[in-house]
Amino acid sequence: MSDEPALVKTPYKKQTFTPEQLNDFIKCADPITGPQYFMDHFFHIQHPTQGKMLYHPFDYQKRLIDTYHNYRFSISMMPRQTGKSTSAAGYLLWYAMFVPDSTILIAAHKYTGSQEIMQRIRYAYELCPDHIRAGSTSYNKGNLDFENGSRIVSATTTENTGRGMSISLLYADEFAFVRPGIAKEFWTSISPTLATGGKAIITSTPNSDEDQFALLWKGANKCEDTYGNPTEVGVNGFKAYRSFWNEHPDRDEAWALAQRAQLGEDRFRREMDCEFIINDETLIAPAKLIDLQGCEPVYRTGQVRWFSKPKADRIYVVALDPSLGTGGDPAAIQVFEANSTEQVAEWRHNRTPIPEQVRILADICRHINETVNDSKSIYFSVENNTIGEAALISISEYGEENIKGYFLSDPHGGGGGRRYRKGFNTSNKPKLAACNKFKTLIESGKMKVRSSALVSELKTFVAHGVSYAAKPGETDDLVMASLLAVRMLQVLQTFDLGIDNQLRDHGEVINPPMPFVAVFR
């Protein structure tokens, strides 16, 4: 007869303990040192090369487990493959068996992620001796129920995951890689379920510096200073924990050099150095996006944010990307100073009808004219395909002559089969050309972006098929208005030496541009 324990312990069964077994159980059940003792003596893992082995945590993993246990809310940012999920699996199994009547929710960014953690829990449970483990009343891939009233439930992170549950402990794995809109809604939905005293453990390697994980991480690192003594937790109640790749005993500079060669510098900095470098194929290089910082507007006119006051003897382009204004995609206006390609102003709203969008465009042009006293320095335009046709009609009804400045149009015809159709048509070919120029200007430092909202959109403006667009669930209206402004600058480049020098990719101008500007009234 085999001495090996059954895979699952039968629930509600009487058991006799030896003195040594009772001592082990008491040490595991200790509310302070129990997790460390359990994981050191009874938590087995499957090592990728060494097979079954007891999990003896490294020093940084012991500090991680202590953080999980000693703080109600903890958020951990760690390099890849440093044991954060394995440590979490051991702690969750301990919590379920030694804290009765607990509901533990595992939420991962993918179904395979949550199942991988559940598999580690099941593996450890099956190898745990009967005098330590609790009996199981339900045992399957998606959940484990124990005789002490505790249960572990796994799920993919969605907007409604955990809604309606009374959660004792939430574990969110790789939270930075949950789609931003879903992560925000999930946290909004799950927070009330923790309000009755539940714990939350969030772990991830970093991704964008503006996603929900990054916001929670930043809040956890803002510790209030009370009489010269900063608090242990951040202003949002989270305890921040950070580890470094060189804390792992098997990782040294030679290992790092080999990893950099395999992963590339950007991926190494994100996945090993834990820098907030975006994982997606963004239009702007991820390393450059880290350096882009928005700022507060210096003043406002209504809903328009002004990042600098217009100056005399400068040229301004005002670009409108229209929308229906029914609460879906926003309309957006971008204002750039052509001479320096610096962002000057911005407007965005999703419930403004097209006639009002045109009026706001006219108000912006009027404000620039009143500030610099020169309407000849102002050029405005609009995207003219799809709903842009309605914007053209609205401009005509408003009276183009009532808008200060010149209506600039694509000299190649603006699409639609009409050679001199007003505005700019955003078909794929000119959009890609504008994307390329926009990318070059920003990455070279020639174009200065001031808007935090625009920076946010650039972090989710990614390769999509043969073009670029916002990630699902995100918007790109500020980017599209900026691309329209770039196309306007390229038209002006043909006729202005200063703008030409500012926009050129290489070297000095050889032949001066023509000394006039073509506009279409």
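The model is a predicted one, in which local features need pLDDT of at least 70 and side-chain atom pairs count only at pLDDT 80 or more, while totals for chains, interfaces and linings use all residues. Residues are numbered from 1 along each chain as its sequence is written, and side-chain values use heavy atoms, with hydrogens and water left out.

Let us stay with glutamate 210 and look at its partner. Glutamate 210 forms a salt bridge with lysine 459, and the closest N and O atoms are 3.6 Å apart. Glutamate 210 sits in the loop between β9 and α7 (212-220), and lysine 459 in the loop between α14 (452-458) and β20 (461-464), so the pair ties together parts that are 249 residues apart in sequence. Lysine 459 counts as buried, at 4% relative accessibility. A salt bridge here is a side-chain nitrogen of Lys or Arg within 4 Å of a carboxyl oxygen of Asp or Glu, and the structure holds 24 of them.

A second pair joins glutamate 337 to arginine 314, with the closest N and O atoms 3.1 Å apart. Glutamate 337 counts as buried at 4% relative accessibility, whereas arginine 314 is partly exposed at 31%.

Strand β16 leads us to a sheet. Seven strands form an open sheet with mixed pairing, in the order β13-β14-β17-β16-β15-β18-β19. Its edge strands, each pairing on one side only, are β13 (299-301) and β19 (406-407). Two strands count as paired if DSSP finds at least two bridges between them. β16 and β17 run antiparallel and are joined by seven bridges; they form a hairpin with four residues between them, and threonine 341 in the turn has a positive phi of about 45°. On its other pairing, strand β17 (residues 342-349) meets β14 in the antiparallel sense over two bridges. Alanine 345 in β17 is the bridge partner of valine 335 and also of tryptophan 306, while glutamate 346 in β17 is the bridge partner of arginine 305. As for cover, six of the eight residues of β17 are buried.

Another hairpin joins β5 to β6 through three residues. Strand β5 (residues 136-139) and strand β6 (residues 143-146) pair in the antiparallel sense over three bridges, and serine 136 stands opposite phenylalanine 146 in β6.

Now to the helices. Helix α3 (residues 59-70) has twelve residues and reaches 16 Å from its first C-alpha to its last, close to the 16 Å expected at 1.5 Å a residue; the expected span is 1.5 Å times one less than the number of residues. Among its buried residues are Tyr60, Leu64 and Tyr68. The buried residues of α3 pack against α2 (34-41), β3 (73-77), α4 (84-98), β9 (199-204) and β12 (239-242), where contact means heavy atoms within 4.5 Å.

Helix α13 (residues 428-443) holds both glutamate 443 and lysine 439, four residues apart, about one turn of the helix. These two form a salt bridge, with the closest N and O atoms 2.7 Å apart.

Finally, the largest pocket has a volume of about 1100 Å³. Of the 36 residues that line it, the closest to its centre are Gln81, Thr82, Gly83, Thr86 and Arg120. A pocket is an open set of points, on a 1 Å grid over the protein atoms alone, where a 1.4 Å probe fits, with protein on both sides within 12 Å along at least five of seven lines; lining residues have an atom within 4 Å of a point. The volume is the space filled by probe spheres set on the points, which are joined across faces, edges and corners. α5 gives the most to the lining of this largest pocket, with seven residues.

Technical notes
Buried < 20%, exposed > 50% of the residue type's maximum accessible area, 1.4 Å probe, protein only.
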